[in-house]
Amino acid sequence: MPTNDAQAAPGARAVARHVRLSASKARRVVNLVRGLPAKEALTVLQFAPQAASEPVYKVLASAIANAENNERLDPDALLVSAAYVDEGPTLKRFRPRAQGRAYRIRKRTCHITVEVEAVAPKAPVRKATAAAKATPAKAEAAPAAPAKAAKATKAKKAADAPVAEQEETN
């Protein structure tokens, strides 16, 4: 059954398959960036100490590029809407051990998926609104500020006066 794409927010995704990394280690890194703005998530991944941050960074950068080039979305208005890691196929190898034994070595892989979606940019907050202008309390508070400034000026002059008197006596 086809899905209705009109309801979904515009976005893009990127997938890295068969990454030579265990899924549990990659999930630790993916959990750091889920829900963050895309640019901020790139910065977090750039400075994360885990080795898994490099492939996750590449997948996120690819998802941002897909959104920018294929969907014509603004990269500054993107949000990491979904990020998850699935297990991939495991490569099975054997390591020779003492007395002719062989221990199994599992080289795990994972599939990393990152989805980004466009969010509306936040409108700047205006300080003076019509409701604030209508309140009389705000109108009374405005003249008080110059009075405080005048008091501060008088206090400063009073503090400078003894210095001026000392200079005259010398």
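Biologist: At what angle do the axes of helix 2 and helix 3 cross, and within what distance do they come?

Modeller: This is a predicted model, to be clear. In it, the axes of helix 2 (residues 38-46) and helix 3 (residues 53-69) cross at roughly 160° and come within 9 Å.

Biologist: So are helix 2 and helix 3 roughly parallel or antiparallel to each other?

Modeller: Roughly antiparallel, because angles over 145 degrees fall in that class.

Biologist: And is the crossing left-handed or right-handed?

Modeller: The crossing of helix 2 and helix 3 is left-handed.

Biologist: Which residues meet there?

Modeller: From helix 2 you have A38, A41, L42, L45 and Q46, and they meet S53, V56, Y57, L60, A61 and I64 of helix 3. By class, that contact has 9 nonpolar and 2 polar residues, with no charged ones.

Biologist: Switching topic, how many salt bridges does the structure hold?

Modeller: There are 2. In one, E115 pairs with R13, with the closest N and O atoms 3.7 Å apart. That pair links distant parts of the chain, since E115 sits in strand 5 (residues 110-118) and R13 in strand 1 (residues 11-19), 102 residues apart.

Biologist: Is E115 exposed or partly exposed?

Modeller: Partly exposed, at 24% relative accessibility. R13 is also partly exposed, at 44%.

Biologist: What about the salt bridge of K58?

Modeller: K58 meets E54, at 3.9 Å from N to O. They're 4 residues apart in helix 3, so about one helical turn separates them.

Biologist: Are K58 and E54 buried or exposed?

Modeller: K58 counts as exposed at 54% relative accessibility, and E54 counts as exposed at 52%.

Terms used. Residues are numbered from 1 along each chain as its sequence is written. This is a predicted model: local features need pLDDT of at least 70, side-chain atom pairs count only at pLDDT 80 or more; totals for chains, interfaces and linings use all residues. Side-chain values use heavy atoms; hydrogens and water are left out. Axes are lines fitted to C-alpha atoms, for helices over the stretch in contact, and angles run from 0 to 180 degrees between N-to-C directions. Helices (H or I, at least four residues) and strands (E, at least two) are DSSP runs, numbered from the N terminus. Angles under 35 degrees count as roughly parallel, over 145 as roughly antiparallel, 65 to 115 as roughly perpendicular and the rest as oblique. A crossing is left-handed if the near helix is turned anticlockwise from the far one by less than a right angle, and right-handed if clockwise. Contact means heavy atoms within 4.5 Å. Ala, Val, Leu, Ile, Met, Phe, Trp, Tyr, Cys and Pro count as nonpolar, Asp, Glu, Lys and Arg as charged, and the others, Gly among them, as polar. A salt bridge is a side-chain nitrogen of Lys or Arg within 4 Å of a carboxyl oxygen of Asp or Glu. Buried means under 20% relative accessible area, exposed over 50%, partly exposed in between (1.4 Å probe, protein chains only).
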